[in-house]
Amino acid sequence: MTPENQLKKLREKLRVTQKEKQEYLDGWQRAKADFSNLKKREEEGRGEFVKFAREEVIADLLPVLESFHMAFANKETWGKVDQAWRTGVEYIHTQLVKALESHGLSEVDPKGKDFDPNEHLAVGTIPTDDKKLHHKIAEVLQLGYRLNGKLIQSPKVKVYGDATSDTKS
């Protein structure tokens, strides 16, 4: 074999080797990027899981919160209770609300807003002749709640309706 042939073979081998090296490098870089993206998605998923993992516990506490609201709404009876006791109960209510809010809970009080069947649960209508009030929320019977922006309990509402319709309650 002549030195020119040997040089030719070595150049060909070098070209093939460089091509393989580039393919391996490209593959490694793609795998590294895929792994990085997977890690990011996993962290986002974990964050979402943690955000909503408490949903069941918080949902279990909502009836307690509603009990406070019902007690406070009964103005006559609430006014007869000893002031020191009332202050203590109101403080406990405030603590509960702050604790739930710190975990992402927020109240949904739609009074006066347009009725949205995707957000609100209509349990009755209040007749009115004022067309501007039709399909607006007249009364909130029970607040709704969102957990980190996700509706977990729809507010129960009464909606203004046509005074001449048969859907009066």
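Two strands pair if DSSP finds at least two bridges between them; strands (E, at least two residues) and helices (H or I, at least four) are DSSP runs numbered from the N terminus. The model is predicted: local features need pLDDT of at least 70, side-chain atom pairs count only at pLDDT 80 or more, and totals for chains, interfaces and linings use all residues. Residues are numbered from 1 along each chain as its sequence is written, and side-chain values use heavy atoms, with hydrogens and water left out.

**Exercise 1.** Determine the strand order of the open three-stranded sheet and how E2 pairs with E6.

*Solution.* 
1. The order is E2-E6-E3, with mixed pairing.
2. Strands E2 (121-128) and E3 (137-142) each have a single partner strand, so one side of each lacks a neighbour in the sheet.
3. E2 and E6 (residues 156-162) pair in the parallel sense over seven bridges.
4. Within this sheet, Pro 127 stands opposite Gly 161 in E6.

**Exercise 2.** Characterise the salt bridge between Glu 119 and Arg 146.

*Solution.* 
1. A salt bridge is a side-chain nitrogen of Lys or Arg within 4 Å of a carboxyl oxygen of Asp or Glu.
2. The closest N and O atoms of Glu 119 and Arg 146 are 2.3 Å apart.
3. Glu 119 lies in the loop between E1 and E2 and Arg 146 in strand E4 (residues 144-147), so the pair ties together parts 27 residues apart in sequence.
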